[in-house]
Amino acid sequence: MIGRKKLAGRNYGPAYSFPMGFWFSLFFLLPLLIIVAYSFMKKGVHGGVEWQFTLDAYAQMLNSSYAKLFVRTLWVTLVATVLTILISLPCGYAMARSKHQTLLLFLVIIPFWTNSLIRINAWIAILGNEGFINSTLLKLGILKAGLPLLYNQGAVIMVLVYMYLPYAILPIFTAMDKFDFSLLEAARDLGATKSQSMTRVLLPNVRSGIVTAIIFTFIPIFGAYTVPLLVGGKDSYMLGNVIVDQVTKARNWPLASAFSMVITVVSTIGVLWMMGTSAREAARNKAAPVKQDTAA
Amino acid sequence: MSKSFGSFHALDDANIKINKGEFFSLLGPSGCGKTTLLRIIAGFEMPDDGIVTFDGKNIIGIDPNLRQSNTVFQNYALFPHLSVFENVAFPLRIRKVDNATIKRKVMEYLHLVQLDAHVGKKPNQLSGGQKQRVAIARALINEPSVLLLDEPLSALDAKLRQNLLVELDAIHDQIGITFIYVTHDQSEALSVSDHIAVMNQGKVLQIGTPFEIYESPATEFVAKFIGETNLFDSRVIECAPSTNDEFMVTLDVPELGKQIKVTDYDQTQSGQQVSFTVRPEKVRITLEEPQSTNKEINVFKGVVEEPIYSGFQSKFYVKLDNGTELKVFKQHQNYLEDGPDIAWKDTVYVSWSANDGYIVEVINQ
Amino acid sequence: MNFPKPHNPYGYFVSRLSKKKPTSEPARHARRALQNKSRLSLSHTVMALSILFLFLPLVVTVLYSFNAAKGMAWSGFSLNWYHKLFFGSEKLWTSFGNSFVIAFSSALVATVLGTLAAIGVNWYKFRGRTYIQTISFLPMILPEVIIGISMLIFFSAINVPLGMLTIFIAHATFCLPFVFLMVLARLDEFDFSIIEAAHDLGATERQTLFKVIVPAILPGIMSAFLMSVTMSLEDFVITFFVSGPGSTTLPLYVFSMVRYGISPVINALSLVIILGTMLIAFLLRNFLKNVAASK
């Protein structure tokens, strides 16, 4: 930021920023606040809300079948996130040390440019009862009956991993690319094996990249809607699906809002954690101003 | 301990033998292959052919973490996420040494490099010199038999470099292991090394003590790279045996305009093209013509083009009658002795004896 | 803050135009040594498998778009699905048109508002600056379901009927933060003294804006615009919630095809979309390369 300062007298800042600020407050912040408010209101008889403060929605949320839903959503999210990160770490490393970085980057991103629904549809075509895998295996006589690969939790997890892999690879790759590989050599020189140098030197220094990858994987998956809807079965309903159902079918807006609040809170915590980590790491990597070296 | 090598495209047929406990320097300009050589010893690169032996055992193919050498890197390579203490403790933690021993040894080595007070700091809170000391302590704590240093001082400023170099020398004397020191700074190498290998473009040009390298450079490149010198192409007129197993050689030096005399241990044949050098500090500069009938003194007359005063010495660029410039250094050893100062545009006489000159190498066509 | 852009990773390329790799000599040596090491390490294997994994569904889809029969049993090469795609799917192309109209208009609004705000925030201090900076990255973090639901409830509450207008508003809203951040990143490299020079020479603020600032950051603005268009074209979840009858966009149409029956026309459509996107990406990459080269 070269020469950044206020012009004498005229501060055009507000003029420039006001349009966006206004739009945003109206069309983004306000709806969110409405949701917060609605979560504390009573369900209207014909849908909508009645302006009466109550904690009914939250109470409803805590009943047992919804509790199972929470646990399941959390479980799916955790498994999918862990798998995604486990795969992205070696990928990010391979890309960071490769001569063909841009090419690999493109390869990772290109599938991503096709519409998400098309990609989900592709998996349905592969996993379904008349899908690619089953048709081929049946035709080859290896199977007698089709495998139920689709419409279960496993399929949801796999497709979620598929969808969010690029989201995780990119920040991990970025962090590893900025990593000074001579540190790995130093570690090996001092006696560490390859895996020791990875765990003790590489991973701690790309922490902010890993944290970013976790955030950009965990939060969207936690609120996932489309994938469980299209690829999952009755037992793989997630939080996102419940929210939509409550809004469209049950017309229980307060309950939907309450669930939304949960997701929002989780997301905010995650983001704060991520920002905290990257701020700490930035502070750590910036050399502090030091007095001149003396002979000692 | 001896080490010998073969060839690599950045290293062309290098052969070096290093003695146990020595302070050995690899000296040369950037890109000469010295760092590559060091990295091969450390285990980070593989040579195309050739071997490296420690005490007779070939270590090529052994992983870097299993070798008996530790490296001090040019950019310190301190682990940014660990404190000073943990950085130095790192090798011991890898070997699962117990905490009490770790504490003792880390403090011992931090004391050696005089960093006791900075134990808890993180690398980004340290100055360059401090970081380098941590790197040194960390590399020594495993008690390796060889310490490899890759231009460790080049990122520091001049004054600090001098101080730290002296400290390194002291540490070497105290600990007694072999140091292999890579640098492009010849004054560093000359001041602390037991032996120096001068390298250029992948080849080892000369191996010798600092005195040998300086006074008896094996090639023109070595002569020019080490210190400052006057270097001329010349042709042997005659070579006659003289006292002390030496030869008195008469050279025709076109650039100087007349013949000169120089002594040499090797015999040369008349008609050969050789390169000749005389170090500037060995050239006497006077305002009066030297009164000597000794035929072994070479005398020239010239005009001072540029006197440069450096406090303890003056450098003179003397333009001889025939146009060639000669570099002369004169130390101001005595306040009174020097007489009137030699100034710009003065007419002076430069002279040196045949012993002070040196034939560097025979030039083949 | 080095956020990748999750909804559109190729906005990432713009941020990669200014990257800092460690440049000390040992770092370069180490990197070179790693590049030249053998092929068969674990990370390479995982990378190769992952790329296969990523491409597999697309390859299968494209293959079966040429299948004469409806199901997954291969019965011969045929282009009849493509025929049906281009000549028998009126509703599809209507929704396609809708998508484009919304994409361009919302991207326009987002780009204008976001650019102005970035200019304001970057160079001026004023009350509310922190407010804008904070809320502007929220949409990138929240799951789309939340954003979609909140807008749906909002429009309901203020009695605005769902349709093209609401979709337009929603798209502009979620594209704004990306435009804002992208232009902001561009402005970072901009030398403020040029603006002072302009003022010194007598230019009014408006003239400075249009004759000095905008031309200088035009590549950044264009990239942001294109990214908004792409995000808008692609979006499903948010659009799902705020669309009404008669305002179908392409993703919505595809969704209904996926949900309620597997027509292989989708496969044909997939290939068309893949090729189209790749073409645009290729053009964009060259455009960005030229931009970088001309700097």
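In which order do the strands of the open sheet of 5 strands in chain B lie? I looked this up first, keeping in mind that the model is predicted, so local features need pLDDT of at least 70 and side-chain atom pairs count only at pLDDT 80 or more, while totals for chains, interfaces and linings use all residues. Residues are numbered from 1 along each chain as its sequence is written, and chains are lettered from A and ligands numbered from 1 in the order in which they are written.

**Entry: the open sheet**
I read the order as β11-β10-β9-β12-β18 of chain B, with antiparallel pairing. Strands here are DSSP runs of E with at least two residues, helices are runs of H or I with at least four, and both are numbered from the N terminus. Two strands pair if DSSP finds at least two bridges between them. At the edges I found β11 (259–264) and β18 (357–362) of chain B, each pairing on one side only.

**Entry: one pair in that sheet**
I followed β10 (residues 247–252) of chain B to β11(B) and found 6 bridges in the antiparallel sense. B:Phe247 has B:Asp264 in β11(B) as its bridge partner.

**Entry: a hairpin**
Next I looked at β15 (residues 313–320) and β16 (residues 325–331) of chain B, antiparallel strands joined by 7 bridges. B:Phe316 is partnered with B:Val328 in β16(B). The two strands form a hairpin with 4 residues between them, and B:Gly323 in the turn has a positive phi of about 105°.

**Entry: where chains A and C touch**
Finally, I found that 93 residues from chain A and 89 residues from chain C take part in the contact (C-beta atoms, placed from the backbone, within 7 Å). On the chain A side, helix α1 (residues 13–39) gives the most, with 18 residues.

Definitions and conventions:
Contact = placed C-beta atoms within 7 Å.
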